[in-house]
Amino acid sequence: MGDSLFADASIRLENAIQHTSLSDDALERLKYPKSALKVSVPVRMDDGSLKIFPGYRVRHDDTRGPTKGGIRFHPNVSIDEVQSLAFWMTFKCAVLDLPYGGGKGGVTVNPKELSPMELERLSRGYIRGIADFIGPDRDIPAPDVYTNARIMGWMMDEFSEIQRSIQPAVITGKPLSMGGSRGRETATAMGAFHVIQTVMKRDRKEPKETTVAIQGFGNAGSILAGLLFDEGYRIVAVSDSRGAVYREEGLHIPSVRQVKNSTRELKAVYCKGSVCEAEEHETISNEELLELDVDIIVPAALENQITGENASRIKARDIYEVANGPTTSEADAILADSGKRVFPDILTNAGGVTVSYFEWVQNREGWYWTESMVNERLRDRMIEETEKVLAVAGEKEIPLRTAAYVHALRRIETATEDRGTRRYFSGR
Ligand code: NAD
């Protein structure tokens with residue numbers, strides 16, 4: 001996956017470069033990661049044996065500030081994958097005008113095979129391995145696939161032990177009790193919600209006339225489903241790894257969430273008067289969900305879901321990428337030809353890293369914001385940058401993904417120029 005991800009990421013950069021006046025200096029910098037570290041993490045297992053897990057941390061570009069990006073625990077983690085994800089983060093942070101460059105880290109491990117204590121030893125061992133590489137002004141990790149607030153707490157604690165001082169700003173996505181931010185759990189979904197609402201207002205469309213299908217009912221997908229439902233959207237299908245439920249009249253999302261949380265099963269739920277009941281529902285596959293005749297689809301599960309194979313069967317006009325990398329570049333071209341709009345991951349799911357930035361600011365200020373302060377600032381930032389990306393797309397008549405990259409590249413280029421470039425040194 002790493003190679004194809006990186007190849008795809010590079011195609012997107014090339015598409016965008018044609019629409020910018022990017023200097024050779026800026027481009028040359030972006031082609032290579034600034035630094036990459038490989039470590040071996042020794043873990044004493046519960047049975048007394050010793051196992052070594054490979055770990056990585058990559059800092060792609062720090063022209064705009066310290067690098068920022070998650071830590072992934074997954075069997076497929078490789079240096080190529082981590083490097084691609086770090087590259088993506090450089091652009092995501094620039095789209096939202098966060099004062100960061102892009103970074104990413106990971107350990108090649110199946111965390112489901114570890115006991116909680118082995119997982120803690122692995123998390124602390126990884127931080128001991130990369131401690132000289134990270135820091136509040138250098139590189140700030142966060143959660144990613146199969147890492148969570150508790151793991152971030154262990155990691156912050158380990159780094160603080162090494163530094164002999166409490167260092168909450170070294171990592172974000174921590175538990176509230178250890179300097180986490182209010183609103184972090186809901187941030188990704190809320191960010192996506194504001195992107196959708198901004199576009200709907202511009203198109204003068206009403207939520208109650210808009211049908212939505214959401215792939216993935218986890219943290220991001222299920223919270224977004226709730227926000228859209230409360231606003232009056234008709235959510236006709238949602239799915240998890242086992243399949244999708246469909247109800248043409250719309251699902252009652254709060255009850256679906258309740259059923260899913262209590263039984264781990266997705267059930268179609270409807271409400272009549274004040275009574276909500278689970279009903280015999282139509283079950284469809286995840287592939288069918290993406291091809292439903294709805295106004296909006298939201299991939300919120302995995303990468304590579306809309307590809308050259310199924311892109312021509314997508315009927316929805318608008319695709320909002322809450323997952324990272326759900327659409328391949330081959331699919332992008334097919335969708336653009338058929339007039340579909342893809343709201344790219346580097347904008348749509350950037351609410352998470354934006355509230356991570358707020359967390360870092362709060363840690364450094366030592367003053368903690370209320371949930372409404374966090375949500376208001378998130379909303380303002382998401383609306384402002386969505387409007388800018390829409391403006392670039394309109395002005396240059398280019399797809400939204402390319403527009404988001406152009407918007408990010410302009411900011412990266414300004415920072416590169418301000419450090420002095422060939423143009424500057426040759427007096428031209
Ligand atoms: P999660 O683990 O909470 O949820 C993932 C959901 O996807 C689960 O409901 C799971 O059942 C479902 N799923 C797994 N395989 C599937 C399949 N084959 N088809 C359909 N559904 C499937 O994860 P999350 O935090 O909600 O993240 C989802 C996506 O959003 C990921 O791509 C992640 O990188 C991206 N994202 C999340 C955040 C965040 O803050 N949570 C931030 C940025 C991007």
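Visitor: What is the order of the strands in the open sheet of five strands?

Guide: First, this is a predicted model, where local features need pLDDT of at least 70, side-chain atom pairs count only at pLDDT 80 or more, and totals for chains, interfaces and linings use all residues. Residues are numbered from 1 along each chain as its sequence is written, and side-chain values use heavy atoms, leaving out hydrogens and water. Strands here are DSSP E runs of at least two residues, helices are H or I runs of at least four, both numbered from the N terminus, and two strands pair if DSSP finds at least two bridges between them. The pairing is mixed, and the order is β1-β2-β4-β3-β5.

Visitor: Which are the edge strands?

Guide: An edge strand pairs on one side only. Here that picks out β1 (35–44) and β5 (139–143).

Visitor: Over how many bridges do β1 and β2 pair?

Guide: Strands of a sheet pair through backbone hydrogen bonds, either parallel or antiparallel. β1 and β2 (residues 50–61) run in the antiparallel sense, and their bridges number 10.

Visitor: How far is the polar backbone atom of G218 from an oxygen atom of the ligand?

Guide: A polar contact is a pair of N or O atoms within 3.5 Å. For F217, a backbone N or O atom lies 3.1 Å from a ligand oxygen. For G218, the distance is 3.2 Å.

Terms used:
Polar contact = N/O pair within 3.5 Å; in protein donor to acceptor, adjacent residues only side chain to side chain.
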